[in-house]
Amino acid sequence: STEEILAQADELAKRFEDFEPTDDGVDAHALREIRHAFVRRAEAEREINEAVAVARADGHSWSTIGTMLATSGEAARQRYGQLSKA
């Protein structure tokens, strides 16, 4: 579920934050970029979850929400439906 993905994202972000690289002479720039991209993706997922919940609360259909997410209404409902009920 999306909730599980976000929890895992938080766990992995914490691991990245706590990671202390060894001094093996390898530039860790690429790894930092991966971490930053990962954190941005997790934040974007949270924003989408919140926006979908608000859209549903405002009465928008799953079909319309799906269109905004570039997917079908059924796919949007399956992915975000449980969160909008919470």
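**View 1. The E11–R15 pair in helix α1.** Being four residues apart in helix α1, E11 and R15 are separated by about one helical turn. Their side chains meet in a salt bridge, 3.1 Å from N to O. E11 is partly exposed at 40% relative accessibility. R15 counts as exposed, at 52%. The model is predicted.

**View 2. The E45–R79 salt bridge.** The side chains of E45 and R79 meet at 3.1 Å, N to O. This pair links distant parts of the chain: E45 sits in helix α2 and R79 in helix α4, 34 residues apart. E45 is buried, with a relative accessible area of 14%. R79 is partly exposed at 40%.

View 3. The closest N and O atoms of E74 and R77 are 2.4 Å apart. Both residues lie in helix α4, three residues apart, about one turn of the helix. E74 is partly exposed at 40% relative accessibility. R77 is partly exposed too, with a relative accessible area of 37%. A search of the whole structure finds four salt bridges, including this one.

**View 4. The largest nonpolar core.** Six residues make up this core: V52, A55, W62, I65, A76 and Y80. Helices α2 (29-57), α3 and α4 each give two or more residues to the core. Buried residues make up 22% of the 86 residues in the protein chain.

**View 5. A nonpolar surface patch.** F16, L31 and I34 make a patch of about 290 Å². F16 belongs to helix α1, residues 2-18. Its relative accessible area is 34%, so F16 counts as partly exposed.

**View 6. The loop around A70.** A70 lies between α3 (62-68) and α4 (73-85). The residue has a positive phi of about 60 degrees, although it is not a glycine. A70 is exposed, with a relative accessible area of 75%.

**View 7. The whole chain, for orientation.** From the N terminus on, the elements run α-α-α-α. The radius of gyration is 17 Å, well over the 12 Å that the globule rule gives for 86 residues, so the chain is more spread out than a compact globule. The C-alpha trace spans about 55 × 25 × 15 Å along its principal axes. Among contacts between residues at least 6 apart in sequence, 50% join residues at least 24 apart.

Note on methods
Residues are numbered from 1 along each chain as its sequence is written. This is a predicted model: local features need pLDDT of at least 70, side-chain atom pairs count only at pLDDT 80 or more; totals for chains, interfaces and linings use all residues. Side-chain values use heavy atoms; hydrogens and water are left out. Patches are made of residues with over 30% relative accessible area and no salt bridge: like charges are joined within 9 Å, nonpolar side chains (Val, Leu, Ile, Met, Phe, Trp, Tyr) within 5 Å. Accessible areas come from the Shrake-Rupley method with a 1.4 Å probe; for residues, only the protein chains shown count as cover. Buried means under 20% relative accessible area, exposed over 50%, partly exposed in between (1.4 Å probe, protein chains only). The radius of gyration is taken over C-alpha atoms; the globule rule is 2.2 Å times the number of residues to the power 0.38. Contact means heavy atoms within 4.5 Å. A nonpolar core is a set of buried Ala, Val, Leu, Ile, Met, Phe, Trp, Tyr and Cys residues joined through side-chain atoms within 4.5 Å.
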